Every structure is written in C-alpha cells, then in structure tokens.
Amino acid sequence: MKLANEIVIAPVITEKSMYGIPNKKYTFKVAKDSNKIEIARAVETLFGVKVVKVNTVSVKGRFKRMGRNEGYRPDWKKAIVTLSEDSKAIEFFEGMA
C-alpha cells in the first residue's frame with residue numbers, strides 16, 4: 001500500500017485547472033499506477049477534505065528536441081478531484097484563483 005504523498009505528486013497549475021477552483025475541482029499529478037479510490041483517500045488524508053468524485057486522464061509525453069537529439073517526455077497521470085459542497089477548500093490553491 002502506497003502512502004498518500006507517494007500517490008499525489010504535485011498540483012497542476014494551468015489556466016484551465018484554475019477555472020475549476022470556484023466549483024471545488026482541483027487538479028493533481030498522480031502516480032501512474034494509482035486508481036481513483038486510492039487518489040480520493042490520499043487527497044482526503046493530505047488536505048482534510050471530503051472527496052465526491054475523481055476523474056483521471058493518462059497524459060501522453062510530448063515530443064521534444066534539444067539540438068539534434070530528440071525524444072519524448074515521460075507519460076504521466078492527471079486527476080481532477082471534485083470536493084463536496086460542505087467541504088472546506090484546499091488552502092494551497094486559494095491564493096491563485
């Protein structure tokens with residue numbers, strides 16, 4: 001069994017992810033082998049909130065070039081976590097919205 005901080009790797013801070021904050025939707029980069037139940041438990045233990053729904057997206061690594069060398073960035077998994085209406089907001093995202 002993985003720890004919560006091994007499942008939730010980092011928050012995703014993009015313009016599109018910021019639009020979900022008023023609706024209590026937060027976006028995280030998560031471990032590729034984690035499932036929705038593990039992600040929900042990890043977010044609940046890390047931030048002390050109540051998770052209603054988790055949507056996951058497997059993101060393909062982008063093609064990159066550096067001079068004559070070329071390759072792909074690593075694939076990763078993104079989770080959009082929806083909190084319940086009576087749940088408190090996640091403080092980390094509050095200053096950015």
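**Entry 1: terms and model**

I take buried to mean under 20% relative accessible area, exposed over 50% and partly exposed in between, with a 1.4 Å probe and protein chains only. This is a predicted model, in which local features need pLDDT of at least 70 and side-chain atom pairs count only at pLDDT 80 or more, while totals for chains, interfaces and linings use all residues. Residues are numbered from 1 along each chain as its sequence is written, and side-chain values use heavy atoms, with hydrogens and water left out.

**Entry 2: salt bridges**

I looked up the salt bridges (a side-chain nitrogen of Lys or Arg within 4 Å of a carboxyl oxygen of Asp or Glu), and the whole structure has three of them. In one, aspartate 33 is joined to lysine 2, with 3.0 Å between the closest N and O atoms. Aspartate 33 lies in the loop between strand 2 and helix 3 and lysine 2 in the segment before helix 1 (4-7), so this pair ties together parts that are 31 residues apart in sequence. For these elements I use DSSP runs numbered from the N terminus, helices being H or I with at least four residues and strands E with at least two. Aspartate 33 counts as exposed at 59% relative accessibility, whereas lysine 2 is partly exposed at 35%.

I then found lysine 88 in a salt bridge with glutamate 91, the closest N and O atoms being 3.1 Å apart. Lysine 88 is partly exposed at 41%, and glutamate 91 is exposed with a relative accessible area of 52%. Glutamate 44, partly exposed at 27%, meets lysine 50 in a salt bridge of 4.0 Å, N to O.

**Entry 3: lysine 24**

Which side chain of opposite charge is nearest to lysine 24? I found glutamate 85, 5.9 Å away, and noted that lysine 24 is buried yet has no salt bridge; in this count Lys and Arg are positive and Asp and Glu negative, with His and the chain ends not counted. Lysine 24 sits in the loop between helix 2 (15-18) and strand 2 (25-30). Its contacts (heavy atoms within 4.5 Å), leaving aside neighbours within four places in sequence, include Val81, Leu83, Glu85 and Lys88.

**Entry 4: aromatic rings**

I counted rings of Phe, Tyr and Trp (its six-membered ring) as paired if their centres lie within 6.5 Å, with planes under 30 degrees apart stacked, over 60 edge-to-face and the rest tilted. The structure holds five such pairs. Phenylalanine 28 and phenylalanine 47 are stacked, at 5.7 Å centre to centre and 25 degrees between the planes. Phenylalanine 28 lies in strand 2 and phenylalanine 47 in helix 3 (residues 36-47), so their pair ties together parts 19 residues apart in sequence. Phenylalanine 28 is buried at 2%, while phenylalanine 47 is partly exposed at 24%. Phenylalanine 63 and tyrosine 72 have ring centres 5.3 Å apart and planes at 65 degrees, so I noted them as edge-to-face.

**Entry 5: the core**

Of its 19 residues, Phe28, Ile39, Val43 and Val81 touch the most other members. Strand 2, helix 3, strand 3 (51-59) and strand 6 (76-83) each supply at least two residues, and helix 3 gives the most, with four.

Conventions: Core = buried A, V, L, I, M, F, W, Y, C linked by side-chain atoms within 4.5 Å.
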